[in-house]
Each structure stands twice: as structure tokens, then as C-alpha cells.
Amino acid sequence: MKVLITGGAGFLGQRLARELLSRGSLKDAQGAPQAITELILLDVVQANDFGDSRVRTEVGDIAERSVLERAIDSNTAAIFHLAAVVSGQAEADFDLGMRINLDASRLLLDVCRQRGHRPRVVFTSSVAVYGGDLPDIVQNDTALNPQSSYGAQKAIAELLLNDYSRRGFVDGRVLRLPTISVRPGKPNAAASSFASGIIREPLNGEEAVCPVNGSTRLWLLSPRKAIECLIAGLELDAAALGNQRVLNLPGISVSVDEMVAALREVAGDEVAKRIVWQPDVRIEKIVGSWPGRWDTSRAEQLGLRGEHTFADVIRAYIADEGVQLR
Ligand SMILES: NC(=O)c1ccc[n+]([C@@H]2O[C@H](COP(=O)([O-])OP(=O)(O)OC[C@H]3O[C@@H](n4cnc5c(N)ncnc54)[C@H](O)[C@@H]3O)[C@@H](O)[C@H]2O)c1
């Protein structure tokens, strides 16, 4: 089976690639495991190929049709479309966000349509499609009301995935990801970057700035579970999805104060004291518009799972990244 990951050099793209290579197979549309014979990692920056002969890296801009045509042929059975510019960047640069998050997503679907073989396409959407005056628990039928350009771009792309699936051009699956935490590495331009930073930096012995109020509620999922959900989402039976291709992924609803309490529980008071509180109105506005919890019963019925406690998420991060507590 030939598999494509756009954004294959990114945080989730690289983890997904590693997991797919280690599993070695994916279920096909009939539910039968098929060996992954080729894994294409497409990104604007060079992706790590893990020294694995099944990997082909492609450097190019997904907003260019020729790049997508090079990466997708009628044997590309599975596509994980992860390439995107993140929320803070899409808000700061309107044209860039529209071009990559929206126009390139449509282009990718159109190249699939042109190939005519109806590949399975997983699209990573976000909590940012919701916003405004939200109920405590966002339901599957809560109206989308994004309050950022990133959220609007993801919401439009969701509708496109639904319609291209309804028309039989692709077999699409939209997975709305909670904010991923704890993300290793450096802070990024996502408005939610602090949701990892306030755990990661204190565990590394460094100070971290928290730009939002402690009562701010976040909807979180660990990288480990996110990757499991992406693969499970791709392997779902199309009949079970019907004509509604969107799933709210399971996660944990925690306030920032509860995150800090979990850090204290796992790593001690000295570590938790390394958080510095410096409100940033711009970030509070974006993050405060996102839901703190949503109804995930549909995803759970289909077998997708998240964590149970945020302390478990921190422990998984420490184990996965080999963090030495300081
Ligand atoms: N990490 C999260 O908390 C989170 C939450 C919700 C949704 N998502 C979505 O999941 C997906 C992956 O997120 P991530 O955390 O791995 O982000 P990331 O920024 O690490 O990865 C995105 C990748 O896309 C690439 N890219 C950007 N513009 C491109 C272009 N023009 N052509 C080709 N590649 C391009 C980047 O170089 C990057 O490697 C994104 O679609 C993101 O919107 C992530």
C-alpha cells in the first residue's frame, strides 16, 4: 500500500511516520491488513526518512498543483493531510493561512478527484472550528462559529471533505484534534503553545510563561493517543461513518490550574513553581474562544480513545521523551 503524509516533516507527521513504519501495515477499505510498501513524506522542509527504504521524502509547497501531482497517483491508497500553518501564524498572516490551510486542501482533494481512485483521506481539524457563546459541553450538532482565521479555514476544509466524500471523489475522515499536549521540542506559533510549554519547560528545569488565566479550560490529547487516533480514523469502516465524516476526538477537559496541579502531583512543587503568569490578551482571546469539552460519544462508539487524567499525560510524556526530572 502506498501512503502519503503531507506535513510529513512536522511534529505529528514524523511521529505518525515512525508509528506506521513500525506497524508495517494498514487496513485497506475492506478491513484487510496490507503491507505499507511506500510512505511519502511531503513537506516544505526536508523530512527525516528514518533510514527506511520504504520512505520517499518530497520537498515542495502543497499549494502548488504540480507538487501534489508528483506525490499522489492512482495507487496512493491512504493520505494523511496534516500540512498546515498553525493558529497564531494563520492569524498573523491571513494570505498564508488561506493559501495553505484552505486553498491547498481543496487542491489536494481535486488532485485525488482527477486521479479517480477514491483514496482514503484523513484531515486534521481542530477545536478552533468552534467559538463564540458555547455550551459547557459542545455537542456534535453545535454550530461551527470559528473566531480565528485558522478555525474558519479548518471549518471550510471540513465541509469540502464531506462534499468530496459524498460525491465519491475521496473517502474522507475529518478528525477534530484537541490541543496536543505535551508536545516536545521548542515553543511554536500556535496560540496554544503554552499548553505544552507550561509542563515541558518546568520539567526541563526552565521557567515557562503562562499567558492565560488559571481558570481557562482546555481540551487536550497526548501525542501518543493522537497518533493512535489518526491511524484508527484512517482504518474506520466507511459505512460506519456514512455521510457525516467529522469526528470530535476524545480528550481530557482540564483547567490550566488543574494542569499545574497535575504537574505538582507528578514532579513536585519546585517544578510547578517555575510557571510565571503573564496574561496576553491576544492569546487569551483566541484560546478562550475554543471549547473546553465536547461530546465524543460518536468517536468512542467507533473505538477511538483518549487518556483519563492529565497526570497520565505528563507521565506518558516523561516516559516517551526520557525526561530526567530536575
Ligand atoms: N498539534 C496540535 O495541537 C494540533 C491541534 C489541532 C489540530 N492540529 C493539526 O494537525 C496537523 C499537524 O499539526 P502539527 O502539530 O504536526 O503541526 P506542525 O507545524 O509541526 O506540522 C505541519 C507541517 O506542515 C508543513 N507545511 C506548512 N506549510 C506547508 C506547505 N505549503 N507545503 C508543505 N508542507 C507545509 C510544515 O513545514 C510542518 O512540517 C495540522 O493540520 C494542525 O492544524 C494540530
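Helices here are DSSP runs of H or I with at least four residues, numbered from the N terminus. One thing to keep in mind: you are looking at a predicted model.

**Stop 1: the ligand.** Select the ligand and show what surrounds it: 24 residues, with Gly-7, Gly-10, Leu-12, Ala-84 and Ile-180 the closest. Which helix gives the most to this shell? That's helix 1, with three residues. Color by class and you'll get 15 nonpolar, seven polar and two charged residues.

**Stop 2: helix 5.** Now select residues 149-166, which make up helix 5. Next, pick out its buried residues, among them Tyr-150, Ala-157, Leu-161 and Tyr-164. What do the buried residues of helix 5 pack against? Show helix 3 (87-92), helix 4 (94-115), strand 7, strand 8 (171-177) and strand 12 (246-248) to see the partners. Just past the end of helix 5, click on Gly-168, which takes a positive phi of about 80°.

**Stop 3: Arg-118.** Jump to the loop between helix 4 and strand 7, where Arg-118 is found. Is Arg-118 buried or exposed? Arg-118 counts as buried because it has 20 C-beta neighbours inside 10 Å. Leaving aside neighbours within four places in sequence, Arg-118 is in contact with Gly-168 from the last stop, along with Phe-169, Val-170 and Asp-171. To finish, draw a line from the C-alpha atom of Arg-118 to that of Tyr-164: the two are 46 residues apart along the chain but separated by 9.5 Å.

Methods. Residues are numbered from 1 along each chain as its sequence is written. This is a predicted model: local features need pLDDT of at least 70, side-chain atom pairs count only at pLDDT 80 or more; totals for chains, interfaces and linings use all residues. A residue is near a molecule or strand if its C-beta atom, placed from the backbone, lies within 6 Å of it. Helices (H or I, at least four residues) and strands (E, at least two) are DSSP runs, numbered from the N terminus. Ala, Val, Leu, Ile, Met, Phe, Trp, Tyr, Cys and Pro count as nonpolar, Asp, Glu, Lys and Arg as charged, and the others, Gly among them, as polar. The expected span of a helix is 1.5 Å times one less than its number of residues. A residue is buried if 20 or more other C-beta atoms lie within 10 Å of its own, exposed if 12 or fewer, and partly exposed in between; C-beta atoms are placed from the backbone. Two residues are in contact if their C-beta atoms, placed from the backbone, lie within 7 Å.
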